[in-house]
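Dear colleague,

I am handing over the structure we spoke about, and my notes on it follow below. Please read them with the model open.

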Amino acid sequence: MNSDTPLQLLGGLTAREFMRDYWQKKPLLVRQAFTDFESPIDADELAGLALEEEVESRIVIEHGETPWELRRGPFTEETFGTLPERDWTLLVQSVDQFVPEVAELLEHFRFLPSWRIDDVMISFATPGGSVGPHFDNYDVFLLQGHGKRNWKVGQMCNSDSPLLEHPDLRILADFEQSDEWSLEPGDMLYLPPRLAHYGVAEDNCLTYSVGFRAPSAAEVLTHFTDFLSQFLTDEERYSDADAQPVSDPHQIQHDALGRLKSLLNEHMGDERLLLTWFGQFMTEPRYPEMVAGEALSEEELIDSLEQGAIIIRNPSARMAWSEVDDNLLLFASGQSRLLPGELRELLKLICSADALHAENLAQWLGDEASLELICELIKQGSLGFANE
Ligand SMILES: [Mn+2]
């Protein structure tokens, strides 16, 4: 994708302009980001997903048994029969993993790293339905799928912003409105992290939220140090072979800090391990139980492909790749694999192609390392045969 091509998705801005002026900075309203948008899923299908055990769903009822009552799925048919006429919202997480046409929407966001994308959440709201004024710590693109929703945006918030007392929801106590729009199908609103927003359904409506993920500094530090510690031996300790006799035995001298800092820097500064950890962490699947495969020999793989088999990425799997010296690292569903540089085009194909088959894999089918890689990914469950 050329980052200097004006995009309809971004209201005629180029990806470069959008990243420079809006991304992580300020909201952008795009009228008709998608022309004649027809939601690939309707309210009944969304409610159907919320009945499934493996799907994460919530219902927020503004005037429920308690104000802003939160119920967690899976729900039953009966739940939907007993809801009030209005002022409630059903939210279903990761619909892209269950509905391929929803996953296809993500193709439009390829100017952003796929490992930054979290999921496509879809909400259905009855008139007046809302989850209250709030802020998120993540970027989001809100695409109106069906019906109309009024969006108000407000102040920038942080963890000190006052919230209503609520056991589960983070609803802002104060909302200082700065702008307001009514979104119709195909319209899209981009919101940067921490910007207060308040969406209220004007009629029965569906809204798609393309949400992003960014690990917190606390997560980076705790998870990376956990990862690093697997490679450290018990013998490696604070050491002070260079120490001098002390004048006050109770004082911690600054040279001790210096030794600690060099111990930390030596490990924290290991870029190869940092990359390995990061790739694994960012490709960890949301639903690991949905990434499972079966062992397959290289002969069986070739036979299947020759008989017309189609291999697709598991919609629950996440993949990314990177370079390390002359080699490549492939990250797939929380695991990493070091590969020779010659496999670069294959890696790019595996990460991006809608389907793998005898035709687009032709040049690799005679190569041992390529076959082994594909078999490994099928065994791990990141790739799988279509229609099985
Ligand atoms: Mn939000």
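Asp136 is partly exposed, with a relative accessible area of 28%, whereas His197 is buried at 4% (buried is under 20% relative accessible area, exposed over 50%, partly exposed in between, with a 1.4 Å probe and protein chains only). This is a predicted model, in which local features need pLDDT of at least 70 and side-chain atom pairs count only at pLDDT 80 or more, while totals for chains, interfaces and linings use all residues. Residues are numbered from 1 along each chain as its sequence is written, and side-chain values use heavy atoms, with hydrogens and water left out.

Both residues belong to the manganese site, where His134 (NE2), Asp136 (OD) and His197 (NE2) are the protein donors, 2.2 to 2.3 Å from the ion; donors are N, O and S atoms within 2.8 Å of the metal (3.2 Å for Na, K and Ca), and because water is not among the atoms, sites may look incomplete. Asp136 sits in the loop between strand 5 (117-125) and strand 6 (140-146), and His197 in strand 10 (residues 195-201), 61 residues apart. Strands (E, at least two residues) and helices (H or I, at least four) are DSSP runs numbered from the N terminus.

Elsewhere, 8 strands form an open antiparallel sheet in the order 1-9-6-11-5-4-2-3, two strands being paired if DSSP finds at least two bridges between them. Strand 1 (28-30) and strand 3 (67-72) stand at its edges, each with a single partner strand, so one side of each has no neighbour in the sheet. Strand 1 pairs with strand 9 (residues 188-191) over 3 bridges, and Leu28 has Tyr190 as its bridge partner there.

Best regards
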